[in-house]
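Here is a friendly walk through one protein model, from its strands to its charged pairs. Keep the 3D view open as you read.

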Amino acid sequence: MSDQLDQLLKLRAEARLGGGQERIDKLHAKGRMTARERIDLLLDPGSFEEFDMFKTHRCTSFGMEKKTFPGDGVVTGYGTVDGRLIYVYAQDPTVLGGSLSETIAEKICKIMDLAVKNGAPIIGLNDSGGARIQEGIESLAGYSDIFLRNVMASGVVPQISAIFGPCAGGAVYSPALTDFIAMVRNNSYMFLTGPKVVKSVTHEDVTVEELGGADMHSSRSGVSDYAAESGIDCVEYVKKLLSYLPQNNVETPPMLPTQDPSERRAEELNAIIPESASEAYDMKEVILASIDNRDFFEIKKDFAPNLIIGFARYSGKVVGIVANQPSHLSGVLDIDSSIKGARFVRFCDCFNIPVVTFVDVPGFLPGTSQEYGGVIRNGAKMLYAYAEATIPKITVITRKAYGGAYCVMSSKHLRGDINYAWPSAEIAVMGAKGAVGVLYGREAQKTDDPAAYLAQKEAEYQEAVANPYVAARRGYVDDIIEPARTRFRIIKALGMLQNKRESNPMKKHGNIPL
């Protein structure tokens, strides 16, 4: 028996070295971690249980029978983060560049199946050169098997991808199907075709970083939710994100006791709205003043900053925050912000996370680039997401809520549960100045002082239409609240809605305007 145990220990030691110490040393020299080091950093100490440590590929073509490594190019298993079960796989770049083989796909699919059966999140730590070309169709079939499981797990358990190195070609689609993606600056990249192919086809000269780096995907494409400064920062981001998420779609997010009183007033909010309707202010200050301990976990901070999304807590309860940002493009909705908001609302709806919406929106961004890009179709995604959502929905209109954008931003008409307005709210088809120009522009030209006439009409319009009391009289706003009491009113509403039950008509699925 001792000989057999010695052999087991020897094989385990060999498997833990992946592609060998020399390759590990090269990886460390580049400032990068191994697959096992990333798992150790992610999971609670001593909690990792590994599967398929001795599994090897079956390929015998192109001399591959001489290149076998225990575990092949991925480390898979389960463990805990803050005591909560998760399933994890980490691609190992020291083994044939982490390229995906048939057996690697089998290992990944095994833990994905277990995650769905047992209702726990799936975390993918990606660092792979793509498909293993020596295996051909088996590698492509393996990718497709993973993609199918990504889709089947969607909305059932949270899926998070962290990109630590290359992720190219077909490899990008598994992360793209997951709920959140974090990348590492100057180390990770994602693209379908690399710079050389781009050069040969389109004659564009572009670097790897410009084409698919963390900063590009976090600010321009919106593919990534976070550009981490280092591998450690990336793992810490994933751990913090997990703290806001439930284990699965039938559980609720974890509560976190707080010493921040629910009745705490935020006096600064009574003075945050500028006197001039055209003057900007920072909506993040509104959010921070109302949530627990000013602790806001923002998502996609650098992409479409005219809309803010992220997670926070009110009296310990997790919520998703969606808010227009008046300090960027006046808080207008456009193509990118609509897509950003719609996907986030739908995620929250999947996982029983109430959504709190702060509204200060002058409308949709005009212009040919927006119309040609399909702002109608993309704006409808946001509308669809709010209307479809059955989670508790609380809306606070702080200032402008104009036109179709008013309808889209979790209005009462889209099944908003509780809709509040501050006294500064302006709810109308358009701003008073624009409306008066349409209504009285020609008439004003017939007067001795057109400017004075329009100013008078603007004041009348403001009094008659563009204020929260008109909406309140109709019941479209449930109450007009003191800004300083926003936190308390939201917490009370969340408590009232905690047992909300609402369902949509029976159907296979809707057809969101993609």
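Predicted model: local features only at pLDDT ≥ 70, side-chain atom pairs only at ≥ 80, totals over all residues.

Phe-51 has Thr-76 of S2 as its bridge partner. As a reminder, strands of a sheet pair through backbone hydrogen bonds, either parallel or antiparallel.

Both strands belong to an open sheet of seven strands, with the order S1-S2-S3-S4-S5-S7-S9 and mixed pairing. At the edges sit S1 (49–51) and S9 (226–228), each of which pairs on one side only. From one strand to the next, the twist averages 20 degrees. Across strand S7 (180–184) and S9 lies helix H9 (residues 214–221), which runs at about 160 degrees to S9.

Arg-36 has a relative accessible area of 18%, so it is buried, while Glu-50, at 22%, is partly exposed.

Now turn to Arg-185 and Glu-229, another salt bridge, whose closest N and O atoms are 2.4 Å apart. Arg-185 is in the loop between S7 and strand S8 (189–191), and Glu-229 is in the loop between S9 and helix H10 (231–242); the pair links distant parts of the chain, 44 residues apart. Glu-229 is exposed, with 57% relative accessible area.

## A covered strand and its hairpin

Is strand S11 (residues 307–314) mostly covered or mostly open? Eight of its eight residues are buried. In a regular strand the side chains alternate between the two faces of the sheet. Here both faces are covered: Leu-307, Ile-309, Phe-311 and Arg-313 are buried on one side, and Ile-308, Gly-310, Ala-312 and Tyr-314 are buried on the other.

S11 has antiparallel neighbours. Strand S10 (residues 297–299) is joined to S11 by three bridges, with Glu-298 standing opposite Gly-310. Eight bridges connect S11 to strand S12 (residues 317–324), where Lys-317 is the bridge partner of Tyr-314. The hairpin of S11 and S12 has two residues between the strands, and Ser-315 there takes a positive phi near 50 degrees.

## A surface patch and a buried glutamine

On the surface, Met-1, Leu-5, Leu-8, Leu-11 and Phe-54 form a nonpolar patch with about 460 Å² of accessible area together. Leu-5 belongs to helix H1 (residues 2–16). Its relative accessibility is 41%, so Leu-5 counts as partly exposed.

Gln-370, in helix H13 (residues 368–372), counts as buried because its relative accessibility is 10%. Leaving aside residues up to four places away in sequence, Gln-370 touches Asp-334, Ile-335, Leu-365 and Val-375.

Lys-500 and Glu-502 meet through their side chains in a salt bridge of 3.1 Å, N to O. Lys-500 counts as buried at 16% relative accessibility, whereas Glu-502 is partly exposed at 30%. Elsewhere, salt bridges that share partners join Asp-260, Arg-264, Asp-292 and Arg-487 into one network.

Methods: Residues numbered from 1 in each chain as written. Heavy atoms only, no water. Pairing = 2+ DSSP bridges. Helix = DSSP H or I, 4+ residues; strand = E, 2+ residues; numbered from the N terminus. Axes fitted to C-alpha atoms, helices over the stretch in contact; angles between N-to-C directions. Contact = heavy atoms within 4.5 Å. Patch = residues over 30% accessible without salt bridge, like charges linked within 9 Å, V, L, I, M, F, W, Y side chains within 5 Å. Areas by Shrake-Rupley, 256 points an atom, 1.4 Å probe, with all protein chains shown as cover. Salt bridge = Lys/Arg side-chain N within 4 Å of Asp/Glu carboxyl O. Buried < 20%, exposed > 50% of the residue type's maximum accessible area, 1.4 Å probe, protein only.
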